[in-house]
Amino acid sequence: MKINIDNIFLTASSQRELRYYFIQLDLKLGTQYQYQATIDFVHFYEHLRSAHQITPQELAKLKEKFEKEEQLQPDEFKWLDKKEERFWNWAWSFLALYSQPMNNYLEQGPHAFTGYAYGFPMDNYRLDYPVIRIDYRAFDRDVTDLTKRIEQIKLAFKSGEADLQSQRQIIQLIHHLWKPVFSNKTITKWMKINNQIQIDWVWDYLQDLENPPHKNTLWFPSTEAEKYSVIVSFFDLIEEDDTKQLLTMKIKKAWSQKKFRDKSEGKKAYSISMSAKTKTRLDQLTDHYELKITDMIERLIQDAHKIINN
């Protein structure tokens, strides 16, 4: 959006910024323009152009004043400096998801995000507060570079419709929600970052889910190694601990079944009988070597076979 007064331009990246310029110019020039919820840009431009001339220097000062008084300052983004990739990925995913406009206008709320919406706590994301009114268009799922995604977060605040106070409350919300997200290590304790076979299998499992939560919100990994980060963010975005726990249990069970099938390939089941004393000794051996009974028997047979053939 641009204000063009006789080839003097002033750009604005949001209705919020544009409204600020219009109000400031209106006060300065005494034009008494009647504002609506959405500014009639063409009408105001003609109104302003016919009312008064303004210098490029005045417009530049107006832009500088807006950046200083109405935008977050660089030190207010220091929370993005912490060297915690999981936090960065979750914050990007959370803001990308909950800045999306909704069909129900009442659910969005008529104003920018203002913290505790409608008097409820902030624990159930979508239920307890309206859309976070930063610019959802800043989030590009095709961008896989983490540094660029952090810049997208900053741009979303800068070009969004939430006022300065609301932006600060959004940052408070991020910190408020991150603590329980970080403390829940349901998936990170089980899925090993250096086990690419397991990660690839979990990735394929999630892709095959019929109605996975937030499937189209996360960025698409550009490398095999990045799949781990996307999977963790997928689980971090699940609001309910019960849902997260249940899905993790299903994945663990399916993974165990897969490993059992892989291990059983080429093997045939046999039935053998033994005395109680022999069974007790076999159990002692399995406990000592930390093996399953079938693996222990196979090992004993292989060891005995080596002895008679040497």
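Trainee: Over the ring of which residue does the charged end of Lys-185 sit?

Mentor: This is a predicted model, in which local features need pLDDT of at least 70, side-chain atom pairs count only at pLDDT 80 or more, and totals for chains, interfaces and linings use all residues. Residues are numbered from 1 along each chain as its sequence is written, and side-chain values use heavy atoms, leaving out hydrogens and water. A charge sits over a ring if NZ of Lys or CZ of Arg is within 6 Å of the ring centre and within 35 degrees of the ring normal. At 3.7 Å from the ring centre, the charged end of Lys-185 sits over Phe-182.

Trainee: How do the rings of Trp-178 and Phe-182 count: stacked, edge-to-face or tilted?

Mentor: Rings of Phe, Tyr and Trp (its six-membered ring) pair if their centres lie within 6.5 Å; planes under 30 degrees apart are stacked, over 60 edge-to-face, the rest tilted. Here the centres are 5.7 Å apart and the planes are at 40°, so the pair is tilted.

Trainee: Is Trp-178 buried or exposed?

Mentor: Buried means under 20% relative accessible area, exposed over 50%, and partly exposed in between (1.4 Å probe, protein chains only). Phe-182, at 36%, counts as partly exposed. With a relative accessible area of 8%, Trp-178 is buried.
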